Amino acid sequence: MTLANGRQRKNKLDVAHKRISARASTPLPTPPPQGGREQSESVATASTLLAWYDRHRRRLPWRAENGARPDPYAVWLSEIMLQQTTVKAVAPYYERFLSRWPTVSDLGAAMLEDVLKLWAGLGYYARARNLHACARTILENHGGVFPDTEEGLLTLPGIGPYTAAAIAAIAFDRKASPVDGNIERVISRVFAVEEALPGAKPRIKALAATLTPASRPGDFAQAMMDLGATICSPKKPACSFCPWTEPCVARQRGNQETFPRKTPKAEGKKRRGAAFVVMRADGKLLIRTRPDKGLLAKMTEVPGTEWVHGFDEKTTLNDAPLKAKWHRVVGVVNHVFTHFPLELAVYRAQVPKGTRAPKGMRWIAFDEIDGEAFPNVMRKVIAHGMKV
Ligand code: SF4
């Protein structure tokens with residue numbers, strides 16, 4: 001670049017920055033310190049995103065109509081359900097919960113077993129237990145009313161920093177900046193944050209906070225969520241439809257798909273075990289309830305071995321719940337939990353009508369399966385065990 005060209009470019013940048021500073025109703029984001037950001041003539045502002053949101057906001061079952069007051073119960077329920085799950089998967093569960101327990105007090109007064117049953121299939125069952133504990137706390141300690149600040153919400157069971165910020169912003173229009181995986185992706189691209197996750201989380205949160213406006217912070221939070229979910233996708237983001245396409249530094253560089261940077265994760269070591277699908281001649285299935293504590297606590301399962309690293313299938317039948325003619329079903333069931341992958345061999349047997357259930361187990365009819373709190377891994381096991 002020649003000296004004259006350099007001066008021209010600097011002047012242009014100064015003018016652009018002054019213009020943007022003068023009109024911005026929200027604070028300008030601080031440039032990231034990594035030294036990798038190129039100067040841009042445009043900066044990401046809340047007003048640009050809000051204007052886009054006003055035209056393109058998603059209609060979601062839990063989202064209040066434009067101008068209507070959001071219901072904190074609806075916001076909280078949807079935020080808990082949406083963790084690690086998609087809008088499509090959550091929608092029917094959300095409707096069922098709301099029609100069975102229309103208020104947080106109704107949910108707080110419900111039996112945990114009923115909550116787990118209605119939750120079954122949505123995964124990450126600790127969330128259902130926390131959901132129930134939280135509703136109970138609101139009912140018993142807060143008169144059935146949600147605290148309306150981030151700090152107050154953080155004292156409730158199962159409500160972490162993200163959920164507290166999301167509820168405070170969306171339900172109470174507090175100036176709070178929820179940052180989930182989608183928003184992390186947007187921010188890391190707009191500012192080309194070179195630091196890898198998870199170390200970059202505080203930096204990304206701080207950058208999100210610099211963008212959050214004092215006016216309409218709830219709409220801003222939802223606009224960020226919509227942008228991350230519909231436009232700024234992990235692969236092939238639709239940058240030409242993005243309201244921040246000009247200021248987005250990663251887009252300018254053409255390497256947006258490489259953000260957010262991530263530290264490679266060491267995968268948990270695979271565990272193995274076996275499950276026993278026992279059918280009685282009168283069409284009943286043998287099941288039991290898992291212990292009160294630990295993984296999938298209080299959920300329903302078919303009997304099985306422990307899930308361990310050094311599983312030896314040769315001795316599996318020592319753990320069979322009944323003496324029977326066992327048939328090893330071809331193939332295995334694979335399932336991935338948050339911390340480890342699991343592989344289960346499935347054994348099937350049929351026993352005569354009148355066979356009594358071993359201690360701690362019970363028989364259920366097949367049409368009762370949907371009413372039980374079977375986690376997804378057990379639904380896979382039963383389906384696999386039925387294979388001919
Ligand atoms: S321009 Fe593209 S990469 Fe940047 S925030 Fe928008 S959609 Fe994401």
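This is a predicted model: local features need pLDDT of at least 70, side-chain atom pairs count only at pLDDT 80 or more; totals for chains, interfaces and linings use all residues.
**Entry 1: where I began**

I began just past helix α10, where A192 takes a positive phi of about 45°, and I noted that A192 is not a glycine. I take helices (H or I, at least four residues) and strands (E, at least two) as DSSP runs, numbered from the N terminus. A192 sits in the loop between α10 and α11. Is A192 buried or exposed? I call a residue buried if 20 or more other C-beta atoms lie within 10 Å of its own, exposed if 12 or fewer, and partly exposed in between, with C-beta atoms placed from the backbone. A192 is buried because 23 other C-beta atoms lie within 10 Å.

Residues are numbered from 1 along each chain as its sequence is written.

**Entry 2: the whole chain and its confidence**

I looked up the overall make-up and found 14 helices and seven strands, with buried residues making up 33% of the 388 residues. Two residues are in contact, as I use the word, if their C-beta atoms, placed from the backbone, lie within 7 Å. Among contacts between residues at least 6 apart in sequence, 70% join residues at least 24 apart.

For confidence I read the pLDDT, the predictor's confidence in each residue, from 0 to 100. The protein averages 88, and 88% of the residues score at least 70. Where is confidence lowest, and where is it highest? The lowest mean, 38, belongs to helix α1 (residues 3-23), and the highest, 98, to helix α5 (residues 104-108). Over residues 1-40 the pLDDT stays under 50, and for that stretch the model has 41 contacts beyond four places in sequence.

**Entry 3: helix α10 and its cover**

I went back to α10 (181-190). Eight of its 10 residues are buried, so α10 is largely enclosed by the rest of the structure. Those buried residues are I183, E184, R185, V186, I187, S188, R189 and V190, and what covers them includes α11 (201-211), α12 and α13. Leaving aside neighbours within four places in sequence, I187 is in contact with V193, I204, L207 and A208.

From α12 (residues 217-231) I picked out L227, which is buried, with 24 other C-beta atoms within 10 Å. Not counting residues up to four places away in sequence, L227 touches L49, V186 and C232. L227 and R57 are 170 residues apart in sequence, and their C-alpha atoms are 9.1 Å apart in space.

**Entry 4: the nonpolar core**

A nonpolar core here is a set of buried Ala, Val, Leu, Ile, Met, Phe, Trp, Tyr and Cys residues joined through C-beta atoms within 7 Å. Which residues have the most contacts inside the largest core? They are I167, I187 and V381, in a core of 89 residues. Helix α9 (residues 161-172) gives the most to this core, with nine residues. The core draws at least three residues from each of domain 1 (41-258) and domain 2 (271-385), whose bounds come from an automatic or database domain assignment.

**Entry 5: around the ligand**

Of the 14 residues around the ligand, C232, C239, C242, C248 and Q256 come nearest. Helix α10 supplies the largest share of this shell, three residues, and α10 and α13 (249-253) each supply at least two.

**Entry 6: backbone details and a strand residue**

I found two cis peptide bonds to note. One runs from L197 to P198, with omega near 5°, and P198 has its place in the loop between α10 and α11. Another joins F259 and P260, with omega about -5°, and P260 lies in the loop between α13 and β1 (271-280).

D173, which is not a glycine, has a positive phi of about 50°; it is found in the loop between α9 and α10 and is partly exposed, with 18 other C-beta atoms within 10 Å.

Lastly I looked at H335 in strand β5 (residues 333-336), which counts as partly exposed because it has 16 C-beta neighbours inside 10 Å. H335 is in contact with L342, V377 and K380, leaving aside neighbours within four places in sequence. H335 and V377 are 42 residues apart along the chain, and their C-alpha atoms are separated by 6.2 Å.

Technical notes:
A residue is near a molecule or strand if its C-beta atom, placed from the backbone, lies within 6 Å of it.
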